[in-house]
Structures are given as structure tokens and as C-alpha cells.
Amino acid sequence: MGVGRSKTDPCPLSLPWGKSPGVDMSQRPHEAESKRSEDISLHAVAERSPGAPPPAGEREGPGATEEAAEEEEEEVFLKFVILHAEDDTDEALRVQNLLQNDFGIRPGIVFAEMPCGRQHLQNLDDAVNGSAWTILLLTENFLRDTWCKFQFYTSLMNSVNRQHKYNSVIPLRPLNNPLPRERTPFALRTINALEEESRGFPTQVERIFQESVYKVQQSIWKETRTTPQRQSIA
């Protein structure tokens with residue numbers, strides 16, 4: 001919401017080859033050989049143990065590829081996330097494609113694309129803080145959805161409390177089923193909304209979604225992700 005794009009393996013179990021320092025050198029040759037064979041056998045079993053992860057760089061198969069792709073995806077800082085009513089998923093996807101394909105503002109995501117099986121609050125936090133701009137899709141369905149009201153209040157508070165998020169909340173009235181201005185919540189009427197049907201829509205988009213603003217937010221986002229790691233290492 002850029003919901004992410006976040007993500008030390010324990011060393012595999014290994015046993016010493018040959019005799020350990022504690023072995024009595026007076027052992028008969030066949031006993032020493034038996035001991036060496038046992039150590040080698042245990043070492044081989046440990047290497048084949050399902051619980052022992054393979055050494056770094058030796059992971060193979062589609063599972064490893066998918067895991068690497070997932071980690072890379074979670075590290076991406078998105079340009080925008082579109083918060084929308086449940087019934088407006090198709091309209092949100094249309095606006096997403098419009099911004100990405102016609103204006104080159106990518107990558108972006110709609111809230112419906114956030115990971116399933118996780119709490120809505122966690123997804124909302126990841127979406128808002130993992131993207132440079134939060135777009136509120138203002139339709140007739142927007143006010144009917146209590147969850148949408150919570151979304152826009154939370155987004156506004158986030159933009160007020162975090163300096164780098166100032167002016168990052170963008171109300172947008174789409175072509176289909178737009179929410180009339182007079183019925184727009186007062187808190188959102190104080191923000192200039194994008195009007196898709198307006199002739200000045202392309203100019204508004206170019207003025208708002210500036211690459212320099214994105215780069216600043218991306219740098220801050222990366223810093224917030226690396227700081228906890230540095231603290232844990234220290």
C-alpha cells in the first residue's frame with residue numbers, strides 16, 4: 001500500500017570427520033575404523049535431515065524462486081495505494097491502470113490486492129506507510145462503508161502526525177458513481193480532490209505525483225526499515 005516492496009539461516013548440523021580429540025589412540029585398528037565410519041554416517045544423515053536448511057546459494061527448485069520473488073516484492077516502496085469501498089474494487093482497478101499505464105505512475109496497488117489472511121489494520125498500516133500517496137476513491141459507496149470512514153480518518157491523522165506524509169492523502173472522484181462535493185465529509189473537503197471528469201485532470205496528476213516527493217519518502221521508508229535491524233545487531 002506497498003503493503004512491503006519486507007525479508008540468517010542456522011548452520012546445518014555437522015559432525016567432525018575422523019577421530020575426535022577424546023578418542024583413545026590405543027584402540028585397535030578395526031575399532032578406530034568403526035568409529036570413523038560411524039562419524040561419517042552421522043554426518044551424511046545430518047546433511048540429509050529435512051530440518052537442516054541447505055547452505056546459502058544451494059537452494060534450488062520453484063519454492064526457492066517463489067520465496068526470493070516474494071521477498072523482493074515486499075521490499076518495493078509503492079507510488080500509491082487506492083483505498084476504496086468493497087463494492088468499488090473494479091473501479092479502483094480501472095483507476096490504478098489509468099495512473100500506471102496512461103501517466104506512468106507505477107507501481108501502485110488497490111487495497112483489495114493486499115495479502116489475505118491478515119488483519120485489516122495491519123494491511124492498512126502497511127499500505128499507507130508503504131506508499132508515497134494514499135488515494136481515497138470517493139464514490140457513492142464510500143459513505144455507506146464504515147470501514148472506509150475509518151480508513152480516511154486514519155490516513156488523515158497519519159499525514160498530520162508525520163511530516164514527510166504531509167499532503168500525501170489524495171481524494172479522487174472517479175468518472176463512475178462519484179460522490180457529490182456537497183456530501184463529501186468536511187475533513188476531506190479541505191483537500192483539493194482530483195476530478196477525473198475535469199479537463200485539468202492530467203495537469204493535476206502531474207503536479208501531485210512528483211518523482212522528487214516519491215524519492216524523499218522512499219529514502220525515509222528505507223531508513224525506518226534498516227534502523228530496527230541495526231539496533232538488533234548492536
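Predicted model: local features only at pLDDT ≥ 70, side-chain atom pairs only at ≥ 80, totals over all residues.

Me: Which residues touch the most other members of the largest nonpolar core?

Reply: That core has 22 residues, and Trp133 is among those with the most partners in it, together with Ile82, Ile135, Leu194 and Phe209. At least two residues of the core come from each of β1, α3, β3, β4, α7 and α8 (211-233). Another core, of 19 residues, lies apart from it and includes Phe111, Leu124, Leu136 and Phe142.

Me: Which residues are buried in α3, and what covers them?

Reply: Helix α3 spans residues 89-102 and reaches 19 Å between its first and last C-alpha, close to the expected 20 Å. Its buried residues are Glu91, Ala92, Val95, Gln96, Leu98, Leu99 and Gln100. Their cover includes β1 (78-83), β2 (108-110), β3 (131-137), β4 (169-173) and α7 (201-208). Just after the helix, Gly104 adopts a positive phi of about 70°.

Me: Why does Glu91 count as buried?

Reply: The cut-off for burial is under 20% relative accessible area. Glu91 counts as buried because its relative accessibility is 10%. Beyond its sequence neighbours within four places, Glu91 is in contact with Leu137, Pro174, Leu175 and Asn176. With Asn176, the side chain of Glu91 also forms a polar contact of 2.8 Å, side chain to side chain.

Definitions and conventions. Residues numbered from 1 in each chain as written. Heavy atoms only, no water. Helix = DSSP H or I, 4+ residues; strand = E, 2+ residues; numbered from the N terminus. Expected span 1.5 Å × (residues − 1). Buried < 20%, exposed > 50% of the residue type's maximum accessible area, 1.4 Å probe, protein only. Contact = heavy atoms within 4.5 Å. Polar contact = N/O pair within 3.5 Å; in protein donor to acceptor, adjacent residues only side chain to side chain. Core = buried A, V, L, I, M, F, W, Y, C linked by side-chain atoms within 4.5 Å.
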